[in-house]
Amino acid sequence: SSDRVMHDLEQLQQLHSTQQQQPQQQQARCQQQDPQQHPYPQQQSQPISQQAVAAAALVHPQLVLRRWQELLPEREFRCFVAGHALVGISQRDPSQHFPQLGLPGEVAGLRQQLLAWHADKIGSSFPLDSYVMDVYVPAAGGPVRLLDFSPICSTTSTLLFTWDELPYPHMHTHTAQQGSAGSTADGSSQDEQEQQQGEQQQRHAGAAQAAAAAAGFDGRVEVRVVQHAGMILPGARAATGMPIDMLGLQDSFE
């Protein structure tokens with residue numbers, strides 16, 4: 001049910017291909033000629049992490065279908081959870097302005113309803129203590145519907161929040177490192193970098209819970225909605241879209 005399902009499948013296919021090619025590549029390296037005959041070794045592309053390849057071998061894609069239902073986009077919300085506590089709620093589609101969400105008492109009612117629902121239906125029963133979940137809140141006052149869960153990672157959109165505004169310390173570190181170069185100054189490998197990132201996430205595993213408890217998020221969860229047209233953000237497809245006029249460019253050059 002991922003919006004990036006084709007990207008995920010293509011990446012998984014690439015990892016599987018890499019796993020199949022590794023024995024041949026290892027054999028080819030063993031059969032290379034004397035390095036003295038090749039004083040200038042050829043530049044090789046960045047190797048794929050062995051950890052990622054091993055993990056991909058355990059992944060078997062499954063097609064999961066959900067019953068189609070007509071859902072009003074203004075009633076979909078993304079909830080951020082840290083330390084098993086609800087810490088933020090955002091309008092699921094920030095590319096639109098829904099005036100009905102600005103009615104008196106609407107936001108306060110949503111906050112109370114989602115706090116009560118999360119405490120009653122999920123609480124600390126979910127295996128992860130920090131995660132993101134998308135929910136649907138019927139306008140007629142019906143029961144809240146859980147749509148899906150998402151991990152706390154760079155591919156999960158914070159919508160009307162930023163990572164720095166949410167109590168996820170390891171994502172603060174990730175945001176600060178996004179502007180740095182792909183290779184480290186000390187020449188560490190990709191495996192070493194991933195190991196360091198894993199150690200950082202382990203160190204921060206309980207930090208989100210402590211931050212949420214210290215700030216008292218469970219008592220004053222902020223609900224963010226697009227209050228006017230000036231707050232509208234580009235849609236998820238805008239980053240990969242192009243003007244429809246460009247579709248005929250290739251034909252015009254032929």
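Salt bridges and other features

Analyst: The side chains of Arg-78 and Asp-134 form a salt bridge, 2.7 Å from N to O, a salt bridge being a side-chain nitrogen of Lys or Arg within 4 Å of a carboxyl oxygen of Asp or Glu. Arg-78 lies in strand S1 and Asp-134 in strand S3 (residues 131–136), so this pair ties together parts that are 56 residues apart in sequence. Helices (H or I, at least four residues) and strands (E, at least two) are DSSP runs, numbered from the N terminus.

User: Before more detail, what sort of model is this?

Analyst: This is a predicted model, in which local features need pLDDT of at least 70 and side-chain atom pairs count only at pLDDT 80 or more, while totals for chains, interfaces and linings use all residues. Residues are numbered from 1 along each chain as its sequence is written, and side-chain values use heavy atoms, with hydrogens and water left out.

User: Back to that pair: is Asp-134 buried or exposed?

Analyst: Asp-134 is buried, because its relative accessible area is 3%, and Arg-78 counts as buried at 5%. Buried means under 20% relative accessible area, exposed over 50%, and partly exposed in between (1.4 Å probe, protein chains only).

User: How many salt bridges does a search of the whole structure find?

Analyst: The search finds six salt bridges. One of them joins Glu-106 to Arg-75, with the closest N and O atoms 2.8 Å apart. This pair links distant parts of the chain, since Glu-106 is in helix H3 (residues 106–121) and Arg-75 is in the loop between helix H2 (50–57) and strand S1 (76–82), 31 residues apart. Arg-75 counts as buried, at 7% relative accessibility.

User: And which residue forms a salt bridge with Arg-224?

Analyst: Glu-165 does, with the closest N and O atoms 2.9 Å apart. Glu-165 sits in the loop between strand S4 (145–150) and helix H4 (169–177), whereas Arg-224 is in strand S5, 59 residues apart. Glu-165 counts as partly exposed because its relative accessibility is 38%, while Arg-224, at 19%, counts as buried. Salt bridges that share partners also join Arg-78, Arg-92 and Asp-134 into one network.

User: What else does Arg-224 touch?

Analyst: Leaving out residues up to four places away in sequence, Arg-224 touches Ile-89, Ser-90, Gln-91, Leu-160, Phe-161 and Glu-165, where contact means heavy atoms within 4.5 Å.

User: Switching topic, where is the nonpolar surface patch?

Analyst: Met-242, Ile-244, Met-246, Leu-247 and Leu-249 make a nonpolar surface patch of about 520 Å². Patches are made of residues with over 30% relative accessible area and no salt bridge, joining like charges within 9 Å and nonpolar side chains (Val, Leu, Ile, Met, Phe, Trp, Tyr) within 5 Å. Ile-244 is in the loop between strand S5 (222–224) and helix H7 (249–253), and it counts as exposed because its relative accessibility is 66%.

User: What is the average pLDDT of the protein chain?

Analyst: The protein chain averages a pLDDT of 76, and 63% of the residues score at least 70, pLDDT being the predictor's confidence in each residue, from 0 to 100. Over residues 181–187 the pLDDT is below 50, and this stretch has three contacts in the model beyond near neighbours in sequence. Residues 210–218 also have pLDDT under 50, and the model has 13 contacts for them beyond four places in sequence. Where pLDDT is low, the predicted coordinates should not be read in detail.

Terms used: Areas by Shrake-Rupley, 256 points an atom, 1.4 Å probe, with all protein chains shown as cover.
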